[in-house]
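Work through the exercises below with the coordinates open. Each task is followed by a solution in steps.

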Amino acid sequence: MNIPTNLKYTKTDEWFDPATGALGLTDYAQSQLSDIVFVEVQLEAGETLEAGKAVASVESVKASAEIYSPVGGKVTEVNKALSEKPETLNSSPYEGGWLVKIDGGVPGGDLMDAAAYEKYCADRSH
């Protein structure tokens with residue numbers, strides 16, 4: 001399982017990069033969903049996003065899921081390429097698979113560092 005140490009994580013399997021403002025779905029989550037076949041980002045650049053609000057919907061061959069923002073702020077960029085190539089979330093969840101970038105996004109107190117998230121995932125697997 002790939003868990004970059006520079007990111008922050010939620011218990012609902014989203015990641016946030018404080019350096020770039022990017023957020024997305026974790027490697028653990030994409031592996032649980034299996035082959036992702038559809039991604040719909042529900043925001044446009046310029047919109048203001050509140051922490052805890054839905055960012056995107058994803059569908060896989062096994063299930064569908066909502067992805068929620070762990071931070072609030074102004075959406076500066078939307079990864080429109082995911083609607084054309086949703087499988088990018090499976091092959092590159094942290095590089096090409098980011099969903100949106102947020103300006104002013106400050107991680108909340110409920111975000112975990114990589115070590116805490118890895119332990120959280122391991123505990124759920126047992």
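**Exercise 1.** Classify tyrosine 120 by its relative accessibility in this predicted model: is it buried, partly exposed or exposed?

Solution. Step 1: the relative accessibility of tyrosine 120 is 22%. Step 2: buried means under 20% and exposed means over 50%, with partly exposed in between. Step 3: tyrosine 120 therefore counts as partly exposed. As a check on the other class, tyrosine 117 has a relative accessible area of 0% and is buried.

**Exercise 2.** Find the aromatic pairs that involve tyrosine 117 and classify their geometry.

Solution. Step 1: a search of the whole structure gives three aromatic pairs. Step 2: one of them joins tyrosine 9 and tyrosine 117, with 4.7 Å centre to centre and 10° between the planes. Planes under 30 degrees apart count as stacked, so this pair of tyrosine 9 and tyrosine 117 is stacked. Step 3: tyrosine 9 belongs to strand E1 (residues 8–9) and tyrosine 117 to helix H4 (residues 114–125), so the pair ties together parts 108 residues apart in sequence. Both tyrosine 9 and tyrosine 117 are buried. Step 4: tyrosine 117 also pairs with tyrosine 120, at 6.4 Å centre to centre and 35° between the planes, and this pair is tilted. Tyrosine 117 and tyrosine 120 are separated by about one helical turn, because they are three residues apart in helix H4. Step 5: the ring pairs link Tyr9, Tyr117 and Tyr120 into a cluster.

**Exercise 3.** Which backbone atoms does the side chain of asparagine 90 reach?

Solution. Step 1: asparagine 90 is placed in helix H3 (residues 88–91). Step 2: with neighbours within four places in sequence left aside, its contacts are Gln30, Ser34, Asp35 and Ile36. Step 3: the side chain of asparagine 90 reaches the backbone oxygen of serine 34 at 2.7 Å and the backbone nitrogen of isoleucine 36 at 2.8 Å.

Conventions
Residues numbered from 1 in each chain as written. Predicted model: local features only at pLDDT ≥ 70, side-chain atom pairs only at ≥ 80, totals over all residues. Heavy atoms only, no water. Helix = DSSP H or I, 4+ residues; strand = E, 2+ residues; numbered from the N terminus. Polar contact = N/O pair within 3.5 Å; in protein donor to acceptor, adjacent residues only side chain to side chain. Contact = heavy atoms within 4.5 Å. Phe/Tyr/Trp six-rings, centres within 6.5 Å; stacked < 30°, edge-to-face > 60°. Buried < 20%, exposed > 50% of the residue type's maximum accessible area, 1.4 Å probe, protein only.
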